[in-house]
Amino acid sequence: MPRISQLYFRTAVIFLIIGILMGLNMAISQDHSVIGAHAHCNLLGWVTMAIFGGYHALNPQKAEKRLAMIQYYVYTAGIALMVPALYLMLQGNTAMEPIVALASVITFVGVLLFAFIIFSSEKVVLTPPAPSYR
């Protein structure tokens, strides 16, 4: 499995844990005001990153490109900044709104980079290579 796939899967699991902790905190406190941050953490952090990792696992020649690693860092930085800023903003800290906006733009740039990777004209592997037993 390409290194970037492992990075994506590991980072996705971290966001899953954070998302579950937010959900548990909401359930225990009966305060669901931060549900937007919880949803962003789970969908953009856990689900989307796992999909990115799966794509790179199925397309190792694209995973080896420098752009793939740049895209990982841009997207991860966007989500890592967005989730806590959104959490604080939803708790009433309006000073976080510009940070949420900036993080959203960074995340969007990461998505555009991923789209560029997908639509690049390099050969795409439709099935993973057979494992070698030597």
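These are my notebook entries on a predicted model of one protein.

**Entry 1. Ground rules.** I number residues from 1 along each chain as its sequence is written. Because the model is predicted, I take local features only at pLDDT of at least 70 and side-chain atom pairs only at pLDDT 80 or more, while totals for chains, interfaces and linings use all residues; side-chain values use heavy atoms, with hydrogens and water left out.

**Entry 2. Overall layout.** I looked up the secondary structure and found five helices and zero strands. Here helices (H or I, at least four residues) and strands (E, at least two) are DSSP runs, numbered from the N terminus. Along the sequence, the pattern reads α-α-α-α-α. I noted that the C-alpha atoms fill a box of roughly 55 × 30 × 20 Å along the principal axes. Of the 134 residues, 35% count as buried; buried means under 20% relative accessible area, exposed over 50%, and partly exposed in between, with a 1.4 Å probe and protein chains only. I then turned to contacts, meaning heavy atoms within 4.5 Å. Among contacts between residues at least 6 apart in sequence, 76% join residues at least 24 apart.

Entry 3. The 27 residues of helix 1 should span 39 Å, and the end C-alpha atoms are 39 Å apart, which agrees. Among the buried residues of helix 1 are Ile4, Tyr8, Phe15, Gly19 and Gly23. Their cover includes helix 2, helix 3 and helix 4. I next examined Gln30, which lies in the loop between helix 1 and helix 2. Its phi is near 60 degrees, a positive value in a residue other than glycine. Gln30 counts as exposed, because its relative accessibility is 61%.

**Entry 4. Helix 2.** I applied the same check to helix 2 (residues 35-58): its 24 residues should span 34 Å, and the end C-alpha atoms lie 33 Å apart, which agrees. Helix 2 bends by about 25 degrees at Thr48, the bend being the angle between axes fitted to the seven residues ending there and the seven starting there. Thr48 is itself one of the buried residues of helix 2, which also include Ala37, Cys41, Asn42 and His56. I recorded that the buried residues of helix 2 pack against helix 1 (3-29), helix 3 (60-63), helix 4 (66-90) and helix 5 (97-119).

**Entry 5. Asn42.** Asn42 is buried, as its relative accessible area is 14%. Leaving out residues up to four places away in sequence, Asn42 touches Phe15, Leu16, Gly19, Ile20 and Val47. I also checked Gly23, 19 residues from Asn42 along the chain, and found their C-alpha atoms separated by 10.0 Å.

**Entry 6. The nonpolar core.** I searched for nonpolar cores, that is, sets of buried Ala, Val, Leu, Ile, Met, Phe, Trp, Tyr and Cys residues joined through side-chain atoms within 4.5 Å. The largest has 27 residues, and those with the most contacts inside it are Ile4 and Tyr8. Helix 1, helix 2, helix 4 and helix 5 each give two or more residues to this core. Helix 4 gives the most, with nine residues. Apart from neighbours within four places in sequence, Ile4 is in contact with His56, Ala63, Ala68, Met69 and Tyr72.

**Entry 7. Lys62.** I found Lys62 in helix 3. Lys62 is buried, with a relative accessible area of 2%. I traced its side chain to the backbone oxygen of Ile118, which it reaches at 3.1 Å.

**Entry 8. Record against model.** I consulted UniProt, where an unreviewed entry lists residues 7-28, 34-58, 70-87 and 99-119 under "transmembrane region". UniProt positions are given in the numbering used here, feature names are shortened, and annotations may be inferred rather than shown by experiment. In the model, residues 34-58 are 96% helix and 0% strand, with end C-alpha atoms 35 Å apart. Residues 99-119 are 100% helix and 0% strand, and their end C-alpha atoms lie 30 Å apart.

Terms used
The expected span of a helix is 1.5 Å times one less than its number of residues. A polar contact is a pair of N or O atoms within 3.5 Å; within protein, one must be able to donate a hydrogen and the other to accept it, and residues adjacent in sequence count only if both atoms are side-chain atoms.
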